[in-house]
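This report goes through one protein model, from its strands to its cores and aromatic rings. Keep the sequence and the coordinates at hand.

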Amino acid sequence: MNHRLQLPQPPRRIVSLVPSQTELLFHLGLGDRVVGVTKFCIHPQEQVKQKQKIGGTKNFNFEAIDRLEPDLIIGNKEENYQEGIERLQGKYPVYMSDIYTLEDAFEMMRGIGQVTDTETQATELVQQLRQQFAGLTPAAPAIPTAYFIWRNPYMGIGNQNFIDHILALCGFENVLGHLARYPEVTAAQLQKANPKLILLSSEPYPFKEKHIAEFQAICPEALVKVVDGELFSWYGSRLLHSAPYLQRLIKEVSSS
């Protein structure tokens, strides 16, 4: 993003604009330095309740941020909005991540470790995650899969995003992978794509068991499951829970 970040000393007052990176900060032992988070920052549950809310990921409360007098703001290119980030960069140091793959996530973890003086903890986390994901055994043969994040209209996972990368690691062949980013998908398009597996994410749209029949009617031959969206899309320390969960899911759907 062609933006250089320089800090004269380790930050003492951090505002996080991204839920998964907020959780990472606490994992790195920086909870006492986090002064502001978004209303979508829900982990770790008890600790974030005590923090000042500074709006959403795409509509910052600039007055609330100014009152907190942060010496570091942490954001993400996809989850936040350019106009808001540029306005904040005019006043504060802003660390930005841009994540499409696990390697990008690891780079972000090391980068935050560097700017917050928690490199040792960040390196340990990356090593642990590398080991976990190295042991992930993908489905074989690959399973044609469609992953949905929204309803009315249906929105699925296309290419060039973190969830698409995680699907590939699982051996779930993304039948919407020829489409860009987060495409709207009609029932007719889904039928034509002919997935053998349809995954309904628990976030951002809260898909429930009651929605399974809706997709089963469109693709009667497909296996339809509701999955934990955080474990497919959160690219911070929540990834510690992802590999075991994904391995159980792979085993379950492969035997169905």
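Which residue in S10 is the bridge partner of Leu199? The partner is Lys225. The model is predicted: local features need pLDDT of at least 70, side-chain atom pairs count only at pLDDT 80 or more, and totals for chains, interfaces and linings use all residues. Numbering starts from 1 along each chain as its sequence is written, and side-chain values use heavy atoms, with hydrogens and water left out. Helices (H or I, at least four residues) and strands (E, at least two) are DSSP runs, numbered from the N terminus.

**Around strand S9**

S9 and strand S10 (residues 223–227) run parallel, joined by five bridges. Two strands count as paired if DSSP finds at least two bridges between them. From S9 the chain crosses through helix H9 (residues 212–218) to S10, in a right-handed β-α-β crossover. Right-handed means that, with the strands pointing away from the viewer, the path from the first strand over the helix to the second runs clockwise. Strand S6 (residues 143–150) also pairs with S9, in the parallel sense and over four bridges. Here Phe148 stands opposite Leu200.

Five of the five residues of S9 (residues 197–201) are buried, so the strand is largely enclosed by the rest of the structure. Buried means under 20% relative accessible area, exposed over 50%, and partly exposed in between (1.4 Å probe, protein chains only). In a regular strand, side chains alternate between the two faces of the sheet. Leu197, Leu199 and Ser201 point one way from S9, and Ile198 and Leu200 the other way.

**The open sheet**

Five strands make an open sheet with parallel pairing, in the order S3-S2-S1-S4-S5. Strands S3 (52–53) and S5 (94–97) are at the edges with a single partner strand each, so one side of each lacks a neighbour in the sheet. Strand S1 (residues 14–16) pairs with strand S4 (residues 72–76) over three bridges.

**Cores**

The largest nonpolar core has 53 residues. Such a core is a set of buried Ala, Val, Leu, Ile, Met, Phe, Trp, Tyr and Cys residues joined through side-chain atoms within 4.5 Å. Met109, Phe133, Tyr147, Phe172 and Phe232 have the most contacts inside the largest core. Helix H11 (residues 239–254) gives the most to this core, with eight residues. Another core, of 17 residues, lies apart from it and includes Tyr205 and Phe207.

**Aromatic pairs**

The whole structure holds 10 aromatic pairs. Rings of Phe, Tyr and Trp (its six-membered ring) pair if their centres lie within 6.5 Å; planes under 30 degrees apart count as stacked, over 60 as edge-to-face and the rest as tilted. Two of the pairs follow.

| Pair | Centre distance | Plane angle | Type |
|---|---|---|---|
| Phe60 and Phe62 | 6.0 Å | 80° | edge-to-face |
| Phe148 and Tyr154 | 6.0 Å | 70° | edge-to-face |

Phe60 and Phe62 are both buried. Phe148 is buried at a relative accessible area of 0%, and Tyr154 counts as buried at 15%. Phe148, Trp150, Tyr154, Tyr205, Phe207 and Phe215 form one aromatic cluster.
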